[in-house]
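Thanks for sending this one over. Here are my notes, point by point, for you to read alongside the model.

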Amino acid sequence: MDLQLKDRVYVVTGGARGLGRATADSLVAEGARVVLSGRTAESLTAAEQALGEAAVSVVADNADPETPRRLIAAARDTWGRLDGALISVGGPPKGPVTGIDDNQWTAAFGSVFLGAVRLSRELGKELGAGGSLALVLSSSVRAPLADMAISNGLRPGLAMVAKTLAEELGPQGVRVNGLLPGRIGTERVAELDAAGGDPEAARAAAIRTIPLGRYGEPEEFGRTAAFLLSPAASFVNGAMVPVDGGMLRAL
Ligand SMILES: NC(=O)c1ccc[n+]([C@@H]2O[C@H](COP(=O)([O-])OP(=O)(O)OC[C@H]3O[C@@H](n4cnc5c(N)ncnc54)[C@H](OP(=O)(O)O)[C@@H]3O)[C@@H](O)[C@H]2O)c1
């Protein structure tokens, strides 16, 4: 199957590592070009160098209201077009409802929630027919994760915003979808596993909940995201797609 990604241009926020980077790798492998963003110049430069001429990067925080404008400008100034975006960001801190304070909620809301809403809104307005947005959400859209109050609080609302935007942008031929990773072996997941003091035990317990009996590889997520962003997925719109090895018990 040809994903028809050659020479298309995608913004990938949170693109230096993890799920964003894996998606950028897949997009570039299929002939697309990417604008990577994140908060740290060093990791972005390393990613840009690894991807070669098909990538440029912009140091930009998803929480910053100026970020959408700067990313759109980078895509247009570098390659003269914009076909879509993967919106990823650093995950919110771990903790129970009873242990998370107002400041933590407010900070997470600014980057995870409002940042994604603003980027989707502003980039969506720039896209023409065939354009595609994909939001990196979480299995917490459908079922709460233990000790992840902020994710459980914010992700379901974001999924409904994405669904609403899919209805709004559909008439102009622009698709909006969400991705629901379960447990993919990125640095963030390694950090979450280590947070309790016994990473091996945490990993083993998580794997017991996954029918495929292992963590996902970032590449497995990246391929799914690249497909959803591509014209090959031209009739997939307003969907929430789990990439979780069967972990979610909900349909
Ligand atoms: N991995 C999984 O299995 C999994 C499961 C469920 C949900 N998720 C969610 O998926 C998202 C990505 O996860 P991941 O595993 O790829 O995380 P990760 O390995 O921590 O990577 C996150 C990337 O986003 C960048 N970033 C962080 N905060 C940012 C901000 N405010 N603005 C712009 N870029 C930012 C980071 O670079 P800088 O720090 O340099 O900015 C980094 O490149 C997270 O929101 C996570 O909660 C992941």
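1. Let me begin with α1 and α8, which pass each other in a right-handed crossing. This is a predicted model, so please read every value below as computed from it. The axes of α1 and helix α8 (residues 218-229) come within 7 Å and cross at roughly 60 degrees. That angle lies between 35 and 65 degrees, so α1 and α8 are described as oblique to each other.

2. Which residues make this contact? From α1 come Gly18, Leu19, Ala22, Thr23, Asp25, Ser26 and Leu27. On the α8 side you will find Pro218, Glu219, Phe221, Gly222, Arg223, Ala225, Ala226 and Leu229. Sorted by class, the contact of α1 with α8 has eight nonpolar, four polar and three charged residues.

3. Next, have a look at α4 and helix α5 (residues 149-169), which pack at an angle of about 15 degrees with their axes 11 Å apart. An angle under 35 degrees counts as roughly parallel, and therefore α4 is roughly parallel to α5. Their crossing is right-handed.

4. The α4 side of that contact is made by Gln104, Trp105, Ala108, Phe109, Val112, Phe113, Ala116, Val117, Ser120 and Gly124. They meet Ile150, Leu154, Gly157, Leu158, Val161, Ala162, Leu165 and Leu169 in α5. How many charged residues take part? There are none: the contact of α4 with α5 has 14 nonpolar and four polar residues.

5. Helix α4 (residues 102-126) also packs with helix α3 (residues 67-79): their axes come within 9 Å and cross at roughly 35 degrees. Here, too, the crossing is right-handed. Thr67, Pro68 and Ile72 of α3 are in contact with Arg118, Leu119, Glu122, Leu123 and Glu126 of α4. By class, that contact of α3 with α4 has four nonpolar, one polar and three charged residues.

6. Finally, the ligand. How many residues surround it? The shell has 29, and the closest are Gly14, Gly18, Thr40, Gly90 and Gly91. The elements that give two or more residues to this shell are α1 (18-29), β2 and α6 (187-194). Note that Gly18 of α1 also belongs to the contact with α8. By class, the residues of the shell divide into eight nonpolar, 15 polar and six charged.

Methods: Residues numbered from 1 in each chain as written. Predicted model: local features only at pLDDT ≥ 70, side-chain atom pairs only at ≥ 80, totals over all residues. Near = placed C-beta within 6 Å. Helix = DSSP H or I, 4+ residues; strand = E, 2+ residues; numbered from the N terminus. Nonpolar A, V, L, I, M, F, W, Y, C, P; charged D, E, K, R; others polar. Axes fitted to C-alpha atoms, helices over the stretch in contact; angles between N-to-C directions. Left-handed = near helix turned anticlockwise from the far one by under 90°. Contact = placed C-beta atoms within 7 Å. Parallel < 35°, antiparallel > 145°, perpendicular 65-115°, else oblique.
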